[in-house]
Amino acid sequence: MNVRDSEHIIAELNQKEPYELTDNLKDADLIIINTCSVREKPVAKLFSEIGVFNKHKKKSAKIGVAGCTASHLGKEIIKRAPVVDFVLGARNVSKITEVIDKKHAVEINTDFDESTYAFGEYRSNTFKAMVNISIGCDKSCTFCIVPATRGDEISIPSALIVQEITKAVANGAKEVMLLGQNVNHYGRRFSGMDEIDNFTQLLQKISQIEGLERIRFTSPHPLHMDDAFLEEFASNPKICKQIHVPLQSGSTRVLQQMKRGYTKENFINRCEKIRTLCPQATISTDIIVGFPGESEIDFEDTMEVLEKVRFEQMFSFKYSPRPHTEAAAFEDQIDDALAGERLTKLQTRHTEILDEIMDAQMGKIHKVYFDELKPNGRISGRSDDGKLFFVKGSEELLGCIVDIKVTKTSRGALEGVLV
Ligand code: 5AD
Ligand code: SF4
């Protein structure tokens with residue numbers, strides 16, 4: 001989501017202002033730091049980054065802070081770092097051309113409706129297009145700051161989504177990544193009329209776009225994974241067989257405290273349904289350890305779900321108390337060292353599972369879509385189920401979907417040859 005927001009900012013500046021991208025900090029007239037605030041660490045990093053940029057930048061260069069930390073800290077950022085020229089919230093990207101010339105402008109309105117706003121065209125990779133399908137989030141997970149920084153959920157009208165994908169396909173993209181905080185909640189609220197009222201229908205409509213070969217999406221919510229959606233996922237040949245199912249915790253008690261709306265059993269049932277309907281699918285997840293009140297038994301529930309589902313990819317985090325969230329005020333916060341121990345245990349076990357999964361890939365054949373040239377005559381791409389591949393090859397393979405046989409495995413990526 002943040003990467004796409006950055007592309008929108010670049011597109012607007014390219015088209016409406018005399019700016020172009022540079023890799024060289026000393027050449028820059030404008031430096032924009034796009035930020036995340038989902039955990040505390042990136043927020044602390046922001047202020048050290050501002051200091052580094054300020055030290056090495058051209059004297060006249062402006063610094064702007066955009067994204068979720070901009071939304072939740074607002075003018076506090078300028079107070080703490082007066083070298084910052086403007087602050088632009090995660091839901092105010094389209095105002096970039098207004099704020100760059102206003103000293104100490106702060107635009108952080110989370111009621112702002114960007115759902116029908118058409119941004120200029122800029123894509124960092126022409127082979128794969130990221131396209132937003134909704135903005136904001138209507139859930140109230142007690143650990144999460146996102147509803148406070150990105151505001152209420154609004155779906156983007158399907159005609160606009162189709163128009164944007166069609167344009168990207170005409171410019172060379174065979175793959176689209178649909179983006180939203182909660183993609184399979186699509187259709188609950190539009191700023192205008194729309195004939196589509198759920199995500200499954202949207203997927204069906206998008207898959208009719210000629211020339212589009214692959215559809216990915218992130219992130220769906222386990223609560224809205226109804227059978228119709230999973231059947232569409234499994235049977236639609238354009239939908240890549242990789243699905244993110246964010247667990248957060250394996251303990252039903254903790255899930256209740258988190259206000260996630262599902263139980264451990266519901267979650268396992270949805271994953272089993274995916275494995276049955278679509279045995280070739282890979283399942284990834286997000287897990288938080290050390291949520292307030294998490295007992296040893298709760299943590300064992302999380303370990304048990306890991307054993308049952310054997311996630312192909314797992315993003316795991318220590319709980320980080322965030323402002324504007326309910327859980328930050330919970331009394332039974334967990335000791336940091338204990339949370340660290342649990343995180344290590346979880347990650348160690350997942351690494352073992354991942355090694356087994358990747359070792360079993362040896363000799364398998366995957367359809368890989370190549371999208372990036374790498375140094376030393378190599379090229380990279382992803383299989384339909386989301387595995388990263390490196391293969392010897394040159395430009396001719398860029399933008400092609402080719403059968404590749406795995407010749408070497410490792411935890412993070414696979415190597416292979418054309419068959
Ligand atoms: N502490 C730790 N992890 C968090 N996430 C969201 N909020 C927090 C928090 N306060 C994680 C969740 C989410 C992912 C994007 O970040 O697992 O799915
Ligand atoms: Fe945050 Fe929950 Fe919304 Fe995801 S669904 S963005 S975790 S509030």
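Predicted model: local features only at pLDDT ≥ 70, side-chain atom pairs only at ≥ 80, totals over all residues.
**View 1. The whole protein and its overall build.** The protein holds 13 helices and 17 strands; helices (H or I, at least four residues) and strands (E, at least two) are DSSP runs, numbered from the N terminus. Its radius of gyration is 22 Å, close to the 22 Å that the globule rule gives for 419 residues, so the protein is as compact as a globular protein of that length. Here the radius is taken over C-alpha atoms, and the rule is 2.2 Å times the number of residues to the power 0.38. Along the principal axes, the C-alpha trace spans about 60 × 55 × 50 Å. Of the 419 residues, 52% are buried, where buried means under 20% relative accessible area, with a 1.4 Å probe and protein chains only. Among contacts (heavy atoms within 4.5 Å) between residues at least 6 apart in sequence, 69% join residues at least 24 apart.

**View 2. Helix α8 and its buried face.** Helix α8 covers residues 199–206, and F199, T200, L202, L203 and I206 are buried in it. Seen down the axis of α8, these buried residues fall within an arc of 160 degrees, so they line one face of the helix. That arc is the one made by the directions from the helix axis to the C-beta atoms. A handy reminder for this view: an α-helix has 3.6 residues a turn, so residues three or four places apart point the same way. The cover over the buried residues of α8 includes α7 (158–170), β8 (175–179), β9 (214–218) and α9 (227–235).

**View 3. S158, a buried serine in helix α7.** S158 is found in helix α7 and, at 0% relative accessibility, counts as buried. Leaving aside neighbours within four places in sequence, S158 is in contact with Y186, D194, E195, I196, L202 and K205. Look out for L202 here, one of the buried residues of α8.

**View 4. V93, a buried loop residue.** V93 sits in the loop between β3 (86–89) and α5 (96–99). Its relative accessible area is 4%, so V93 is buried. Beyond its neighbours within four places in sequence, V93 is in contact with D5, H8, I9, L88, E114 and F119. V93 and F119 are 26 residues apart along the chain, and their C-alpha atoms are separated by 9.3 Å.

**Notes on the views.** Residues are numbered from 1 along each chain as its sequence is written, while chains are lettered from A and ligands numbered from 1 in the order in which they are written. Local features need pLDDT of at least 70, side-chain atom pairs count only at pLDDT 80 or more, and totals for chains, interfaces and linings use all residues; side-chain values use heavy atoms, leaving out hydrogens and water.

How values were computed. Buried < 20%, exposed > 50% of the residue type's maximum accessible area, 1.4 Å probe, protein only.
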